[in-house]
Amino acid sequence: MSKKAINRLKVVLAEKNLSSKWLAEQLGKNEATVSRWCTNEVQPPIKTFVKIAEKLEIKLTSLFND
């Protein structure tokens, strides 16, 4: 059974030509942690999703799949 991709973080970073390393630096998080978010291995807390949306200058809902 394949895991459903909940967030679109990896896609949005690619669209904006940004790296997970850049996002990790912006949030003061470990690069490995952000990488796990990008692969949907784990999900960040909702407060972190809000910060991510602010840093990427996008709507919060743009970070999630339907």
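Glutamate 41 comes out as partly exposed, at 45% relative accessibility. On the scale used here, buried means under 20% relative accessible area, exposed over 50%, and partly exposed in between, with a 1.4 Å probe and protein chains only. Glutamate 41 forms a salt bridge with arginine 36, 3.2 Å from N to O. Arginine 36 is partly exposed too, with a relative accessible area of 37%. By salt bridge I mean a side-chain nitrogen of Lys or Arg within 4 Å of a carboxyl oxygen of Asp or Glu.

A word on the source. This is a predicted model, where local features need pLDDT of at least 70, side-chain atom pairs count only at pLDDT 80 or more, and totals for chains, interfaces and linings use all residues. Residues are numbered from 1 along each chain as its sequence is written, and side-chain values use heavy atoms, with hydrogens and water left out.

How many salt bridges does a search of the whole structure find? Two. One is the pair I began with, glutamate 41 and arginine 36. Glutamate 15 and arginine 8 also form a salt bridge, with their closest N and O atoms 3.4 Å apart. Glutamate 15 is exposed, at 57% relative accessible area. Arginine 8 is partly exposed, at 22%.

Now the helices. Helices are DSSP runs of H or I, at least four residues long, and strands are runs of E, at least two; both are numbered from the N terminus.

Take helix 3, residues 31–38. Its buried residues are Val34, Trp37 and Cys38. As a general point, an α-helix has 3.6 residues a turn, so residues three or four places apart point the same way.

What do the buried residues of helix 3 pack against? Helix 1 (9–15), helix 2 (20–27) and helix 4 (46–56). Contact here means heavy atoms within 4.5 Å.

Look at the two ends of helix 3. At its start, a side-chain oxygen of asparagine 30 comes within 2.7 Å of the backbone nitrogen of alanine 32. After the helix comes asparagine 40, with a positive phi near 65°.

Next, helix 2. Leu23, Ala24 and Leu27 are its buried residues. Just after helix 2, glycine 28 has a positive phi of about 70°.

Helix 4 has Thr48, Phe49, Ile52, Ala53 and Leu56 buried. Viewed down the axis, these fall within an arc of 145°, so they line one face of the helix. The face turned away from that buried side carries exposed Lys47 and Glu54. Helix 1, helix 2 and helix 3 are among the cover for the buried residues. Glutamate 57 follows helix 4, and its phi is positive, near 55°.

Stay with helix 4 for the surface. Valine 50 lies in this helix. At 34% relative accessibility, valine 50 is partly exposed. Together with Ile46 and Leu60, Val50 makes a nonpolar surface patch of about 230 Å². Patches are built from residues with over 30% relative accessible area and no salt bridge, joining like charges within 9 Å and nonpolar side chains (Val, Leu, Ile, Met, Phe, Trp, Tyr) within 5 Å. Areas come from the Shrake-Rupley method with a 1.4 Å probe, and for residues only the protein chains shown count as cover.

A polar atom of the asparagine 7 side chain lies 3.0 Å from the backbone oxygen of tryptophan 37. That is a polar contact: N or O atoms within 3.5 Å, and within protein one must be able to donate a hydrogen and the other to accept it, while residues adjacent in sequence count only if both atoms are side-chain atoms. Leaving aside neighbours within four places in sequence, asparagine 7 contacts Trp37, Asn40, Gln43, Phe49, Leu63, Phe64 and Asn65.

Leucine 13 lies in helix 1. Leucine 13 is buried, at 3% relative accessibility. Not counting residues up to four places away in sequence, leucine 13 touches Leu18, Ser19, Ser20, Leu23, Cys38 and Leu56.

Key
Arc of directions from axis to C-beta.
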